[in-house]
Each structure stands twice: as C-alpha cells, then as structure tokens.
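Thanks for coming. I will go through one structure today, taking single residues, then pockets, then a sheet.

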Amino acid sequence: MKSSKFKIFTFLVAIGVLGCAEKKEADSTALKDTLTVEKEQYAEDWASLGKHNESPEWFKNAKLGIYFHWGLYSVPAFKNEWYPRWMHFKDNEVYKHHVEKYGEPSEFGYHDFAPMFKAEKFDADSWAQLFKDAGAKFAGPVAEHHDGYAMWDSKITPWDVMDTGPKRDITGELEKAIKGKDMKFITAFHHAKNLQRSSELGKEEPLSHYPYFEGMPPSSNDPDLQLMYGNMEHEKWYKEVWLGKLKEVVDNYHPDIVWFDYVLGNIPEEYRKDFAAYYLNEAKEKDQEVVIVRKQHDLPLSMSVEDLEQARKNEVGTKTWMTDATISNGSWCYTENLGVKPAKDVLHMLIDIVSKNGVLLLNVSPKSDGTIPDNQKDGLLQMGDWLKRYGEAIYDTEAWYTFGEGPTKEPEGHFENHQAFMKLTYSNKDIRYTTKDYTIYGIVLGSIEPAKELILASFAKERILDVPTIENVSVLGSDEKIVWNYDEEKGLTLKTPAEPLDELATVIKVTISQ
C-alpha cells in the first residue's frame with residue numbers, strides 16, 4: 001500500500017500539470033487577444049478614430065515642413081491662386097485681365113490653361129534637396145487646390161498632370177525624391193471647395209468656388225468639364241470625386257501627412273469618417289504613423305492636428321499644432337513680381353511657433369515652368385544654414401514652462417486676423433525658449449550686443465515653480481567662456497561674448513543638473 005506521503009506528492013504533481021495546462025491556455029488566449037487588438041481596424045465612427053495617435057513623435061520633433069501652391073493658376077500668374085474664381089466676375093480686376101490677355105472666359109476657360117502648364121524645367125530631386133537644405137523634415141505638394149486640377153496621375157478625372165500639361169506624374173516624382181532624402185511626405189487638399197454649392201442660375205453662394213453663370217464653362221453639362229468645375233449631383237461628387245481622389249492618393253503615394261484646407265465641414269460627416277478610417281487602416285497595414293491636419297472645427301482633435309492659417313498661438317499649446325504660412329508677402333502661388341519675406345522674419349516665426357509646441361508648414365511658390373525663384377531659394381537656404389548650425393535648439397525639443405519674454409506679443413485669432421500677424425516683427429528684446437533633456441535654450445530673436453549684460457527674466461523664482469539648478473551657460477557659435485550669475489529676483493544674468501555674433505537669431509544654451 002502506497003504511503004500517504006506518496007499520495008500527497010502525486011496530488012501535487014497533478015495540480016502542477018493542470019496548472020501548467022491552464023497557464024498555457026491562458027497565455028494562448030492572451031496572445032490571441034493581443035493579435036486581435038493589433039489587427040483591429042479603425043471603424044467609421046469618431047470614438048474608434050479617436051484612438052489614433054494624432055501627433056506621433058516624429059511629427060512633434062519635425063518642427064518644419066514645406067509645401068507649395070503650384071498648378072494651372074501658376075500659368076496666368078496674376079493676382080493669386082483664386083484666379084479661377086475671380087475670372088468669372090465682370091467687376092473684378094482678374095476678369096478684366098483675363099479678357100484683355102486671353103479673351104472672354106466663355107471662349108477661353110480656366111481649363112484651357114491645362115495645355116499651357118508644361119512644368120518643363122521641373123526637377124523633383126533638386127526641389128527635394130532644396131527643401132532638405134532649408135531644414136524641412138517633411139515636404140510635398142498641394143495635391144489639388146480649389147480648382148479641380150489634380151497634381152497626380154488620376155484615373156478619376158481627365159484634368160490631371162498625366163493626361164494634360166506636363167504629361168508627368170508630378171506627385172509620384174516628388175514622393176520618390178522627398179522620401180529618398182529621408183523626409184516625410186505631405187499631400188495637401190483644398191478640393192472640398194470645388195463643388196458648386198448652387199445650380200440655381202444667378203444665385204452663386206459665397207462658399208462656392210465657381211459661380212454658376214450661363215454660358216460659362218463652370219455651368220456646362222459636358223461631363224469632362226463637370227469634373228473640373230464641380231457642377232454635378234452632390235452625392236456623386238462627395239463619394240466619387242472628393243473621397244475617390246483622396247483614396248487614390250493614399251493608395252498610390254502613401255502620404256505621411258494629409259492636410260485639409262477650410263470648408264471641410266461642407267463634406268457630409270459620413271464621407272469624412274470614411275476617409276479617416278480608410279487612411280488610418282491603410283497606414284496601420286504599412287506600420288506607418290500618419291497625421292491628419294485640419295483647419296477648422298470639422299474633424300475632432302482626438303484624431304487630427306489643428307492648423308492656424310497665417311496665424312499662431314500666443315501661449316503654449318497643450319497639444320502639438322501647426323501654422324501654415326507662405327514665404328511670400330502676397331499670393332500663395334507665383335505671380336509676377338511676388339514679394340518675399342526676409343529670411344529672419346520666417347526664421348523668427350518658426351522659433352516662436354516651436355516655443356509654443358507648434359510646427360510650421362511653409363509655402364513656396366514655383367513658376368509654371370517648374371522653377372523656384374531665386375529670392376525664395378535664398379530665403380530658404382539662409383534659414384537652413386542657421387538650422388544646420390543651431391538646430392539643436394529647434395528639432396526634438398518641446399516647450400518650456402513659458403514660451404518666452406519680450407515686448408512682442410502675438411494677437412488673438414485665426415486666418416481672419418492674419419493681416420495682424422503679417423505685420424509682426426521681432427527684435428533682440430524678444431526671447432523664446434525650448435527645452436530637451438537637461439538643457440534649456442533661450443533664443444534671442446536677433447543678434448545680441450557684444451560684451452553686454454543680458455537677463456533671462458523667465459528664470460526668476462517668482463515666475464517659475466521649480467527653479468532649475470544651473471550648471472553651465474554657453475552661447476552657441478562662440479568659443480568664449482560665458483560669465484553668468486543666478487539671482488532669484490532678477491533671473492539668469494550673463495555677459496554676452498565680446499566678439500559680435502552676426503546672426504539671424506542667437507541661442508543661449510543653459511545646462512541644468514540631472
């Protein structure tokens with residue numbers, strides 16, 4: 001007869017075997033659950049789409065991207081990129097210009113510019129290199145503006161760069177060149193405004209891009225012209241044109257960022273959800289971290305990034321946000337004698353945006369032949385040269401407890417107040433801050449006066465909740481040892497280098513203890 005000890009041992013072994021089996025089954029179930037979660041698709045509802053990380057680390061760290069308004073409107077190169085709209089209004093200077101140079105719009109329509117848009121000097125590789133040299137971490141085209149002309153090889157519309165004009169897949173060439181230089185790829189869409197909001201003669205609505213005037217091409221029943229001017233049944237246009245074009249670009253070019261211009265809210269919610277789910281699911285299949293940017297309150301910020309046109313925040317943003325602004329002083333597309341902002345003004349705008357957890361999307365304006373004017377190139381390269389030397393204070397940083405100090409304050413508002421933003425200029429009395437690791441960067445918006453006392457008042461104890469322990473202060477670009485002193489009331493005081501630093505902006509690097 002077996003002993004009781006042996007019986008107990010056998011019982012314990014049995015329990016152990018059973019426990020192992022249960023554990024294996026539990027582990028297997030957990031693994032299946034994990035795989036199910038990983039493969040779970042985004043559904044076409046805001047709750048599901050809100051699980052998307054709207055601002056991945058690469059985007060937060062990028063800080064600067066470049067895009068460009070380039071299309072049929074670059075051919076007349078007159079007034080601005082809204083040429084196709086205003087050429088139909090007889091009391092507008094664009095109409096008068098068009099009649100004088102090309103004839104009546106009823107005889108020479110906007111679509112007649114398509115054969116004239118040749119892009120014969122366009123070189124995607126040289127563009128991509130310019131954008132990289134400018135310091136951009138992502139770049140790409142306005143894939144379609146309000147005008148109904150696609151800058152890619154489209155099967156949805158005959159009005160595209162492969163079937164007309166250049167007879168080249170402009171977006172395809174750019175995607176290859178830009179990604180080939182280790183930048184992310186952005187495609188911007190303005191075509192929510194292309195649909196005619198009214199087909200009732202003479203009752204053109206303000207949100208319509210093309211007016212409905214009898215005898216004009218936008219009012220034509222020709223099916224090809226309807227694809228250019230958006231004169232068609234609305235539901236068909238929403239699904240086959242607006243949504244279809246987006247899916248076509250996602251499928252063929254896999255953009256890392258899809259950016260939307262305003263009036264996206266005119267698109268029925270079901271189609272906005274359809275796009276978002278499609279794009280995010282396609283990205284998930286490719287292990288691609290993508291970003292959706294919107295300009296107005298037409299997509300939830302749980303799954304998209306806020307954009308401020310020609311404007312910016314006047315306080316630190318709690319989430320990553322974006323400004324789209326143009327390098328020019330006027331039109332977003334190329335026009336004759338287009339003025340360009342000084343490089344220092346563009347750089348100062350970038351620094352201010354970064355200090356508030358923002359990202360700048362900067363527009364350039366190529367000519368219709370595919371060349372980028374020298375004055376725009378020069379501005380980009382000047383900014384890029386500064387970023388090559390001092391980019392450690394910009395890239396991979398985040399906002400400090402305050403964006404900065406100084407007399408210049410940004411106004412309230414969005415693009416409706418962009419003229420006030422356009423007039424802003426900074427001086428070396430304005431300082432902006434960024435931080436990363438155990439470093440705080442104070443960026444003076446201009447060159448500092450040599451051998452002078454400079455106070456960083458934001459370090460004063462009454463302003464900052466947790467006063468850092470400062471280990472060292474240096475000025476980037478100078479080998480001189482910086483004499484500094486910390487005073488709880490005044491803040492951080494330093495003596496600037498004796499040798500002048502002729503810089504667009506000057507970076508003071510404050511190293512703190514770990």
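A119 is buried, with a relative accessible area of 0%; buried means under 20% relative accessible area, exposed over 50%, and partly exposed in between, with a 1.4 Å probe and protein chains only. A119 sits in the loop between α5 (93-101) and α6. Helices here are DSSP runs of H or I with at least four residues, strands are runs of E with at least two, and both are numbered from the N terminus. The phi of A119 is near 50°, a positive value in a residue other than glycine. Most residues other than glycine have a negative phi.

A word on the source. This is a predicted model, in which local features need pLDDT of at least 70 and side-chain atom pairs count only at pLDDT 80 or more, while totals for chains, interfaces and linings use all residues. Residues are numbered from 1 along each chain as its sequence is written, and side-chain values use heavy atoms, with hydrogens and water left out.

D396 also has a positive phi, near 65°, and is not a glycine. Is D396 buried or partly exposed? At 45% relative accessibility, D396 counts as partly exposed. The loop that holds D396 runs between α12 and β9 (404-405).

Next, H145, in the loop between β2 (138-144) and α7 (170-180). H145 has a relative accessible area of 3% and is buried. Which residues does H145 contact, leaving aside neighbours within four places in sequence? They are H69, Y73, E81, W82, H190 and H191, where contact means heavy atoms within 4.5 Å.

Now the pockets. The search uses a 1 Å grid over the protein atoms alone: a cavity is a set of points where a 1.4 Å probe fits but cannot get out, and a pocket is an open set with protein on both sides within 12 Å along at least five of seven lines. Lining residues have an atom within 4 Å of a point. Grid points are joined across faces, edges and corners, and a volume is the space filled by probe spheres set on the points.

The largest pocket holds about 540 Å³ of space. Its lining has 24 residues, and E81, W82, E309, W332 and H418 lie nearest the centre. Helix α13 (residues 418-422) supplies the largest share of that lining, three residues. By class, the lining of the largest pocket has eight nonpolar, eleven polar and five charged residues. Nonpolar covers Ala, Val, Leu, Ile, Met, Phe, Trp, Tyr, Cys and Pro; charged covers Asp, Glu, Lys and Arg; the others, Gly among them, are polar.

The second largest pocket has a volume of about 270 Å³. It is lined by 16 residues, with K132, G135, A136, K137 and D182 closest to its centre. Two or more lining residues come from each of α3 (57-62), α6 (124-133) and α12 (374-390). The lining of the second largest pocket divides into six nonpolar, three polar and seven charged residues.

Last, a sheet. Three strands form an open, antiparallel sheet in the order β12-β15-β14; strands pair if DSSP finds at least two bridges between them. β12 (453-456) and β14 (484-487) are at the edges with a single partner strand each, so one side of each has no neighbour in the sheet. Four bridges join β14 to β15 (residues 491-495), and Y486 stands opposite L492 in β15.

For the whole protein chain, the count is 13 helices and 16 strands. Of its 514 residues, 56% count as buried.
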